[in-house]
Amino acid sequence: MTTDKQKKEAIETCLREGFVPYRSEHRGKGSAVLEATRRLKLNKNTLTDWVRAQDSLANRGEKNFLPNWSLYVAPGEKKLPSRLEVHDSAYWRTRFNAAEKELAHIEKLLEEVGGIRSLDIPTPEWLLKASTSNRARSVMSMLFTDLHMGEVVDPDEILGLNAFNPHIAEQRAKKFFQAACEIGPRWASDTKLEGLLLNLGGDLVSGDIHEELRITNALTSHEQVRMVVKILVAGIKLLLKVYRRIHVTSVPGNHARTTFKPTAKLYAKLSYDTLIAQMVADAFAGDPRVTFQITVATDAVIPVLGRTAFLTHGDKMGTGGGQGFAGPMLPIVRGTKKVEAQQARAGRRPDIIMHGHYHHSGNPGNVFSNGAFPGYSEYGNGLRAALEPPQQWLFLIHETWGVRERCEIKLETPAAFPRLASAMPKEMAA
């Protein structure tokens with residue numbers, strides 16, 4: 001004679017195998033009750049009547065052998081863990097690892113769709129790894145923006161205050177690289193200097209986005225690209241004589257766009273700045289000392305010695321030009337605060353923000369706002385803007401202290417100080 005326990009176990013076995021519960025809307029493999037009846041070799045309605053009786057006992061709160069209908073899992077549904085699995089750490093560890101993997105994949109897809117990332121950009125090990133030396137580590141950083149190769153500043157149009165052309169651009173870039181080679185090791189003499197971070201912040205070419213540039217540029221856009229590549233390749237080779245490793249990051253600027261109007265999509269991919277970085281990367285393809293982070297977004301996030309550096313050109317910070325006597329500094333501060341807020345919401349608040357675009361050198365807080373290679377120009381003269389010399393930022397990132405040394409590298413030797421109009425009294429000069 002078949003016991004109640006055997007009937008219950010037979011039905012539950014069928015449920016686990018995919019046979020559907022009693023009075024279920026699912027079809028599956030068929031009824032678990034009828035399959036158990038067949039296996040136990042019972043009369044046709046024996047288990048059906050038995051199930052009804054057990055159901056009545058359960059409703060009255062009396063002892064019963066009603067099968068656990070939840071053991072059935074419909075096709076496509078996930079099975080809930082058993083009591084043993086709930087207390088099994090290995091089970092939850094497996095679930096956690098699977099969820100982590102799925103979350104990482106979804107995050108990557110979201111960033112690709114949002115334009116934050118489309119390619120995996122490996123960060124060099126030397127920017128991340130922990131120190132094994134008693135000496136603190138450091139990384140030198142060059143902010144290289146607004147070269148405007150091809151642009152011409154006619155001194156006659158601004159009363160001789162400045163001049164700029166491709167030859168002058170090349171000489172100023174060379175001076176910047178030489179300054180990094182000379183000053184950097186001196187700053188880092190008490191540290192373990194890991195390498196140099198070369199930040200290409202956009203507007204490396206003058207481009208032809210304005211009619212006046214197409215008329216006055218000394219070089220076509222393609223000639224500008226070739227000359228910038230030559231300058232950067234020569235500069236990196238010079239840096240390698242002093243720094244054992246170099247990491248180059250690149251973001252696009254507005255002057256380098258190849259479209260008539262700025263675009264929201266494909267902004268970096270349609271930029272001469274990106275093309276330049278890729279051509280320089282090709283020149284060092286076989287050299288493991290030089291690595292590249294060429295973004296297809298308008299910004300770049302760079303991990304360095306436990307900190308986060310953020311590089312952008314500056315034209316997409318959400319603010320306009322200068323304001324009155326304060327010049328562009330107020331828009332710079334507002335724009336970088338917007339960058340901080342946006343990145344904080346994404347869970348990556350930057351420790352250092354670097355940008356160019358405004359042709360105005362400044363260092364408010366953790367921000368490095370870069371000057372420009374052309375220096376004072378007809379555009380600035382038309383605004384009666386302050387006369388700022390051509391200059392670029394060079395700074396040392398220390399493992400413990402963050403940005404420790406910093407300097408605005410003047411790309412032209414300052415003119416001799418004019419003689420005073422008045423003379424010192426003879427008795428005071430003795």
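Student: At what angle do the axes of helix α1 and helix α3 cross, and within what distance do they come?

Tutor: The axes of α1 (residues 4-16) and α3 (residues 46-59) cross at roughly 105 degrees and come within 12 Å, where axes are lines fitted to C-alpha atoms, for helices over the stretch in contact, and angles run from 0 to 180 degrees between N-to-C directions. This is a predicted model, in which local features need pLDDT of at least 70 and side-chain atom pairs count only at pLDDT 80 or more, while totals for chains, interfaces and linings use all residues. Residues are numbered from 1 along each chain as its sequence is written, and side-chain values use heavy atoms, with hydrogens and water left out.

Student: Why are α1 and α3 called roughly perpendicular?

Tutor: Angles of 65 to 115 degrees count as roughly perpendicular, those under 35 as roughly parallel, those over 145 as roughly antiparallel and the rest as oblique; the angle is roughly 105 degrees, and α1 and α3 are therefore roughly perpendicular to each other.

Student: Which residues of α1 and α3 meet?

Tutor: With contact meaning heavy atoms within 4.5 Å, D4, K7, K8 and I11 of α1 meet L47, W50, V51 and Q54 of α3.

Student: Why is the pair α2 and α3 described as oblique?

Tutor: Helix α2 (residues 32-40) packs against α3 at an angle of about 125 degrees, with the axes 8 Å apart, and α2 and α3 are therefore oblique to each other. The contact is made by V33, A36, T37 and L40 of α2 with L47, T48 and V51 of α3.

Student: What makes α8 oblique to α9?

Tutor: Helix α8 (residues 221-239) and helix α9 (residues 272-283) pack at an angle of about 45 degrees, with their axes 9 Å apart, and that angle makes α8 oblique to α9. Among the residues that meet here are V225, V229 and L232 in α8 and L275, I276 and M279 in α9.

Student: How do you know that T295 is buried?

Tutor: Buried means under 20% relative accessible area, exposed over 50% and partly exposed in between, with a 1.4 Å probe and protein chains only; T295 has 6% relative accessibility and so counts as buried. T295 lies in the loop between β4 (290-294) and β5 (299-304).

Student: What does T295 touch, and which backbone oxygen does its side chain reach?

Tutor: Not counting residues up to four places away in sequence, T295 touches S250, V251, P252, A268, T274 and A300, and its side chain reaches the backbone oxygen of D299 at 3.0 Å.

Key
Helix = DSSP H or I, 4+ residues; strand = E, 2+ residues; numbered from the N terminus. Polar contact = N/O pair within 3.5 Å; in protein donor to acceptor, adjacent residues only side chain to side chain.
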